[in-house]
Amino acid sequence: MTFVFNTCLDSGYFPDLLKISKVVPVFKKGDKNLPQNYRPVSIIPVFSKIFESLMYNQLIDFFESNDLLSNVQFGFRKGKSTISAVCKIVEKILDGFENKEFTSVRFYDLMKAFECLPYNILLSKIEYYLGKQAACIIKAYLTNRSQYVSVKGKSSSTRSILTGVPQGSVLGPLLFIIAINDLPLNILLDSVMYVDDVTAFDTDECLFSLASSISRGHESVMRWFKANNLFCNENKTQNLVFGLKQSVESKSVRVLGIELDSKLNWKCQINNVCKKLSRVSFLFRKLKLCVSNDFLRTAYFGFCQSHIAYGLLLWGHSPHVHDILLLQKKILRIIAGVGPLEHCRPLFQNFNIFTVVNLYIYNILVYTKSNLHLFQPRHTVHNYNTRRNFTLDIPSHRLAVTGNSFKVNCVKFFNRLPKSAWSTSTINFKNKIYNWLLNNPFYDIKEFFEVDCNIIF
């Protein structure tokens with residue numbers, strides 16, 4: 001296999017038999033009778049996936065090592081995620097709050113982006129980055145592809161594919177982010193992208209001026225979409241103005257699974273999590289009758305903590321998280337089989353489960369430890385030999401909403417740890433923090449600041 005794949009790479013050849021895809025429509029949401037509400041996922045041959053993985057590793061290494069991918073693209077890249085993308089958007093909004101500005105954000109919805117991308121446009125961009133000779137293997141991969149659709153065991157006839165990159169393939173997402181890589185350079189707005197989820201925004205002190213600049217920026221975005229044969233669903237494209245003044249309409253929008261409201265108080269996001277937990281609590285009452293506590297604990301991590309942890313880094317400081325803590329206690333009492341007035345701190349310790357507050361503290365501390373290079377130490381700010389000059393410098397801010405945000409809390413929380421936390425390995429740091437928090441279940445962030453963090457790293 002090594003010999004065959006190396007020969008194919010040297011000659012720029014991708015076997016036609018590996019380019020036949022079985023397409024399975026996966027329902028997304030809405031009316032099940034409408035074809036547009038299904039995502040066509042390609043099931044490709046196993047040997048094709050192996051070959052694509054070899055190509056992918058070389059391509060991503062080339063683009064990352066040469067810093068060719070846009071720094072506002074967060075999709076399918078090491079060290080980046082949906083939460084990283086939302087963090088970037090939230091940072092821009094908070095900067096607007098600090099500067100007494102409004103931030104207008106537009107969330108674009110692309111229709112069938114993977115399927116509509118023309119080969120000629122994609123190949124021309126790949127040739128620009130890689131050169132004509134190196135792009136031959138990509139051309140061989142994209143051309144002469146075919147597919148058939150399989151639904152409930154019945155298959156259609158095979159048809160040729162003339163546009164797009166296959167969803168479900170290894171190379172497809174990378175080829176798409178290469179194709180959309182030049183978008184930020186050709187529009188009049190700042191942007192954040194997660195593969196085909198495009199967010200564009202601008203800030204201004206005057207709402208009238210902001211509306212005008214957003215309109216011009218929107219036209220530039222639409223021109224780029226048209227030039228690249230991508231279609232925007234304007235009915236699903238949403239626009240929201242963020243600001244702390246009374247003139248800003250109170251609305252919310254869902255982006256990458258996180259609910260953002262116009263004043264960033266996170267009430268809508270927490271309400272969504274509470275709804276999921278409320279539904280799950282009924283499930284635990286039924287499970288309690290037929291399975292062991294160990295199974296219930298496992299189910300808790302799958303059905304409850306997974307929802308609580310997603311994006312908690314951004315909204316865990318909100319006072320509304322107390323609503324989540326109440327539901328946590330309710331579910332924990334069901335698992336333990338105790339009464340509704342039972343004290344829950346021992347239960348959190350017995351089952352080795354974090355309260356929502358502890359989970360937030362853990363996420364904040366681990367994020368800070370893993371990204372210490374993003375924060376400024378005090379000894380770089382002044383030359384005085386103070387006792388705490390090894391700590392991180394708290395970013396300047398004038399608003400409470402910014403002072404409680406995740407970037408400021410990262411510094412405040414991490415500065416509470418002993419000096420050895422800076423030098424210990426990340427793995428040891430995670431283990432020590434995890435065990436310490438298990439033994440100290442907090443119901444409020446204030447408790448963390450009142451207790452002595454005597455952790456030995």
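In which helix is the place of Phe 47? Phe 47 sits in helix α2, which covers residues 46–65, where helices (H or I, at least four residues) and strands (E, at least two) are DSSP runs numbered from the N terminus. Before I go on, please keep in mind that this is a predicted model, in which local features need pLDDT of at least 70 and side-chain atom pairs count only at pLDDT 80 or more, while totals for chains, interfaces and linings use all residues. Residues are numbered from 1 along each chain as its sequence is written, and side-chain values use heavy atoms, with hydrogens and water left out.

Let me stay with Phe 47 for a moment. Phe 47 is partly exposed, at a relative accessible area of 48%, given that buried means under 20% relative accessible area, exposed over 50%, and partly exposed in between, with a 1.4 Å probe and protein chains only. Together with Met 1, Val 46, Ile 50 and Leu 54, Phe 47 makes up a nonpolar patch on the surface, and the accessible area of these residues together is about 480 Å². Such patches are made of residues with over 30% relative accessible area and no salt bridge, like charges being joined within 9 Å and nonpolar side chains (Val, Leu, Ile, Met, Phe, Trp, Tyr) within 5 Å; the areas themselves come from the Shrake-Rupley method with a 1.4 Å probe, and for residues only the protein chains shown count as cover.

Now to the strands, which pair if DSSP finds at least two bridges between them. Strand β1, residues 20–27, runs parallel to strand β5, residues 146–151, and four bridges join the two; within this pairing, Ser 21 is opposite Gln 147 of β5. With strand β2, residues 38–43, β1 pairs in the antiparallel sense over six bridges, and here Val 23 has Ser 42 of β2 as its bridge partner.

How many salt bridges does the structure hold? There are eight, a salt bridge being a side-chain nitrogen of Lys or Arg within 4 Å of a carboxyl oxygen of Asp or Glu. Glu 64 is partly exposed at 32%, whereas Arg 77 is buried at 9%.

Another salt bridge joins Arg 345 to Glu 447, with the closest N and O atoms 3.3 Å apart. Arg 345 belongs to helix α13 (residues 345–350) and Glu 447 to helix α19 (residues 445–450), so this pair ties together parts that are 102 residues apart in sequence. Arg 345 is partly exposed at 25%, and Glu 447 counts as partly exposed at 21%.

Finally, the cysteines: how many disulfides does a search of the whole structure find? The search finds zero, a disulfide being a pair of cysteine sulfur atoms within 2.5 Å.
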